[in-house]
Amino acid sequence: MELRVENLTKTFKKKKAVADMNFVLHPGIYGLLGPNGSGKTTLLRMIAGVEKPDRGTVWFDGFKTGDYYDTFTSQLGYLPQHFGYYPTYTVEQFWQYLALLKNLSKPYATSRINTLLKQLHLEEQRHVKLKKLSGGMRQRVGIGQALLNEPKLLLLDEPTVGLDPQERLTFYQILHELADDCIIFLSTHIVSDLDMLADEILVMKAGRLMFQDTKEALIASVQGHVWEVEAMPELQSQYALSRVQGQTLRLVSSQCPAPGARLVTPDLNDFYLYYFQKEA
Amino acid sequence: MMKMVLSEYRKLFKRPISWLLLVVIVIMTLYQCHGIYHRTILKQYGNPREIVQEVDGIAYFRQADQVLHQYRGPASQEMYARIKADYHDMLDMYYLNAKPLNDDEIPYYDTDALLAVYTGIYQNQPNIHFNLDVISADDGGKSDEEALEWYGWLLDRDAAFNEVYHLKGYPEIKAQLASVYEAREIIFDSTIPNNLVLDAFDQMNFFYLLILSFLLANLFSQEKTTHMDALINSSPRGYRQTAAAKCWCAIGLAVIVFALHALTVLLYSAWMLPVRDWSLWVMNMGGAYYTLEPYQGLYTYRTLMIYLSMNMLVCLISMAMLTAFLSYLTNHQLLTYGLMVVWTVLPIFMTHELSRLFQVRMLEGLKYLQIQNDQLSVFNGEILYHIHIYWLMWIVLTIGMGLLIHWRFQRYRIA
C-alpha cells in the first residue's frame with residue numbers, strides 16, 4: 001500500500017501554493033511540517049479531493065484516485081484544519097451522519113461509534129450537542145469522524161489543536177495502534193507532536209517540498225548549529241531562540257554566536273528554527 | 001439515496017424555526033379557510049333590497065346547501081321549471097313585492113339563516129339561470145342587452161355589467177356549451193361545499209413561496225458556513241450524492257408545503273361542510289362565489305382540483321429548486337433569501353404579460369382559465385393551454401438546475 005503524489009501543483013491567483021509536489025508514503029506516520037502559508041493545508045485538501053489541483057496525479061494503492069474516487073474515499077479519513085460540524089447535532093448524530101456519508105452499514109457504524117466514544121473518552125458526551133462541547137472535545141469528535149471507517153489513509157490537518165496533554169497522549173496512542181496498516185499523514189505546528197509520532201517528516205516551504213526524511217536524519221542535518229549560551233540581551237534579537245532555561249539561552253546559528261557558547265545536541269525544534277528562522 | 005434525503009431533512013428540521021414555519025403555513029391556511037367559510041353574509045330583502053342582518057357564513061352555506069340539494073338529479077326541463085317556479089315565488093316574496101319576511105309563509109325551512117339562504121341563493125340565481133338556460137337551449141337565449149337588463153334587475157347596473165362581461169360573446173359561448181351539454185348527462189346538485197373548498201384551496205399566495213424560500217435558503221450554503229463541505233466532499237458519497245439528496249429534499253419540502261395546505265383545507269372543509277360529490281360540474285351558486293363563469297359546466301370539481309394541485313406543485317417545486325440553486329451559487333443564506341424575496345414580490349406589481357412566468361403569478365391559477373379580451377381560446381377543448389407552457393418551462397428549468405448542481409459538484413475530482 002502506498003500513496004504516491006506526482007507533480008501536484010496548485011496556484012491561487014499568482015501565488016503558487018503547492019509547486020510540483022512529489023513524494024511516496026507507505027504505512028506509518030508522516031509529519032508535514034512548515035510555516036504558515038507554506039501550502040500544507042492545500043496539499044492535504046488536494047489529496048483528499050477537496051481542492052482541485054492545477055495539475056498532478058495522486059495514486060493510492062496503485063490506482064489514480066480520480067479514476068477510483070469512491071474506492072479511494074472509502075479508505076480515506078480526513079480531518080480538515082477547520083473542522084466542520086453541525087452545532088445542533090449530538091456527537092452520536094454527527095458520527096451517524098458521517099457514517100452515512102462514508103457509506104458504512106448501520107451495524108458496523110454503531111459498533112465503530114461505540115468503540116470511538118470509549119477510545120476518545122466521549123461516552124458521557126454521546127448525547128450532548130456539539131455546540132455545547134469544549135474546543136478540545138470537539139476536536140476529539142473531529143478525530144473520531146476521521147477514524148469511523150478504519151481508514152487506510154488518514155489525513156490530519158492540525159489534529160492536536162485544542163487538545164490538553166492527556167488528550168494528546170490518548171491521540172498519540174490511537175495513531176500508533178493504526179500505523180501498522182495505515183498511512184497517517186498529519187500536518188502540525190506543534191513540533192513535539194512530530195517528535196512523539198512521526199516516522200518520517202516532510203518539510204514544506206513556499207509550496208515546495210524541502211525535505212523528506214526520518215526525524216533523526218533531519219535533526220542530524222542541524223548538528224553543529226545549536227548552541228547554549230549565557231543570556232545576553234543582544235543575542236535575543238540577533239538569533240532565533242530555541243528556548244530559554246533560566247539564564248541559559250538555546251539558539252540556532254551556523255556560527256558560534258558568542259564567546260563561551262557551547263554546542264549541544266539538536267532536537268526537532270532546533271531543526272525547525274534553523275530552516276524557518278525568518279518565518280519564525 | 002433515501003437515507004441521504006432523510007439526513008437532509010434532519011438538518012433542516014434541527015432548526016426550530018423550520019417547524020415553526022410549517023406551523024405558520026397551517027395556521028395561515030386555517031385563517032384563510034375561516035375567512036371563506038365564516039364570511040359575513042348579508043340578510044337582505046325588499047326592492048330595493050335592504051340589509052337587515054349580518055350572519056355567519058357557515059350557517060347560511062349549510063342551509064343553502066340543503067335547499068339546493070333537494071333539486072339533485074339529472075338536469076332537465078322539469079327540474080329547471082321547478083327551480084324557476086320556486087325562484088319566482090321567492091322573488092315575488094322578497095324583491096318584487098317587498099313584503100316583509102314572514103316565516104309562516106315559507107314552508108319547510110325555519111332556521112335563523114332562512115332569509116339569508118333565500119336572498120343569497122336568488123341573488124346568485126342569474127348564474128344558475130345562465131347555465132340552465134344553456135342546458136335548455138329551447139328556452140331562448142338572451143341578447144347582451146336583455147341579459148344586462150335581466151341582471152340589472154337584481155343588481156345595480158355596474159355590477160351587472162361586470163357579471164355579464166363575458167356574455168359579449170354569449171351566442172358563441174352558448175353554442176359551444178350547448179354542444180358539450182348535449183353530449184352528456186349533467187347531474188344537478190348543490191355545489192356550494194365544492195365551491196367553498198376550491199375557493200379555500202385556491203388561496204395559496206406569495207407567503208407560502210416566501211416561507212418555502214426561507215426554509216431552503218441555506219440548503220447548500222450551510223455546508224460552507226459550517227465548513228462541512230470538506231468532510232462531505234472527501235467522503236465516498238461525496239457532494240455528488242449529497243447534492244442530489246439536497247435537490248430531492250427541496251422538492252420534497254415543496255410537496256410537504258403543498259400537502260399541509262391541501263390537507264388543512266380538506267380537513268377544515270370536512271369539518272365544516274363536506275364536499276358532496278367531486279364529479280359534479282363546476283357551477284357558481286348559492287353565494288359560494290367562485291368566479292368560473294366562462295367554463296362553468298365544462299369541467300368537474302375533480303378536474304379543477306387536479307389542475308390547481310398540478311399548478312401549485314409546479315410553482316412550489318420550481319421555487320424550491322430555484323432557491324436551492326441560488327443557495328448553491330451564492331453560498332450565502334441571506335443573499336439567497338433576499339434574491340428570492342425580490343423574485344417573489346416584484347412580479348406582484350408587474351402588469352406585463354410576461355410576469356405570468358413568475359411562480360407568484362402562476363399561483364393565480366384560475367385566472368389563466370378566464371377569457372381574456374373576449375377571446376374564446378380557452379374553450380377550444382384545451383382550457384389549460386396557456387398554463388401548460390409555463391408548467392413545461394418550469395419543469396425543464398427545474399431539471400436543468402438540478403443537473404447543473406450535480407454536474408458542477410464533480411469538479412474537485414483529481415484527474
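Trainee: Which residues lie nearest the centre of the largest pocket, and how many residues line the pocket?
Mentor: A:Gln96, A:Tyr97, A:Leu100, A:Lys106 and B:Lys3 lie nearest its centre, among 17 lining residues. The model is predicted, so local features need pLDDT of at least 70 and side-chain atom pairs count only at pLDDT 80 or more, while totals for chains, interfaces and linings use all residues. Residues are numbered from 1 along each chain as its sequence is written, chains are lettered from A and ligands numbered from 1 in the order in which they are written, and side-chain values use heavy atoms, with hydrogens and water left out.

Trainee: What makes a set of points a pocket and not a cavity?
Mentor: On a 1 Å grid over the protein atoms alone, a cavity is a set of points where a 1.4 Å probe fits but cannot get out, whereas a pocket is an open set with protein on both sides within 12 Å along at least five of seven lines; lining residues have an atom within 4 Å of a point. The largest pocket has a volume of about 380 Å³, a volume being the space filled by probe spheres set on the points, which are joined across faces, edges and corners.

Trainee: Which helices each supply at least two residues of that lining?
Mentor: They are α3 (91-101) and α4 (106-119) of chain A, together with α1 (2-13) of chain B. Helices here are DSSP runs (H or I, at least four residues), and strands likewise (E, at least two), numbered from the N terminus.

Trainee: How many residues does each chain give to the contact?
Mentor: Chain A gives 39 residues and chain B gives 27 residues, contact meaning heavy atoms within 4.5 Å. The area buried between chain A and chain B is about 2900 Å², with 61% from carbon and sulfur atoms; this is the accessible area (1.4 Å probe) that two parts lose on being put together, summed over both. A:Tyr86, A:Leu100 and A:Leu101 supply 21% of the area that chain A buries against chain B, more than any other three residues.

Trainee: Why is the pair A:Glu228 and A:Arg262 called a salt bridge?
Mentor: The term requires a side-chain nitrogen of Lys or Arg within 4 Å of a carboxyl oxygen of Asp or Glu. The closest N and O atoms of A:Glu228 and A:Arg262 are 3.4 Å apart, so the pair qualifies. A:Glu228 is in strand β11 (residues 226-230) and A:Arg262 in strand β14 (residues 262-263) of chain A, 34 residues apart.
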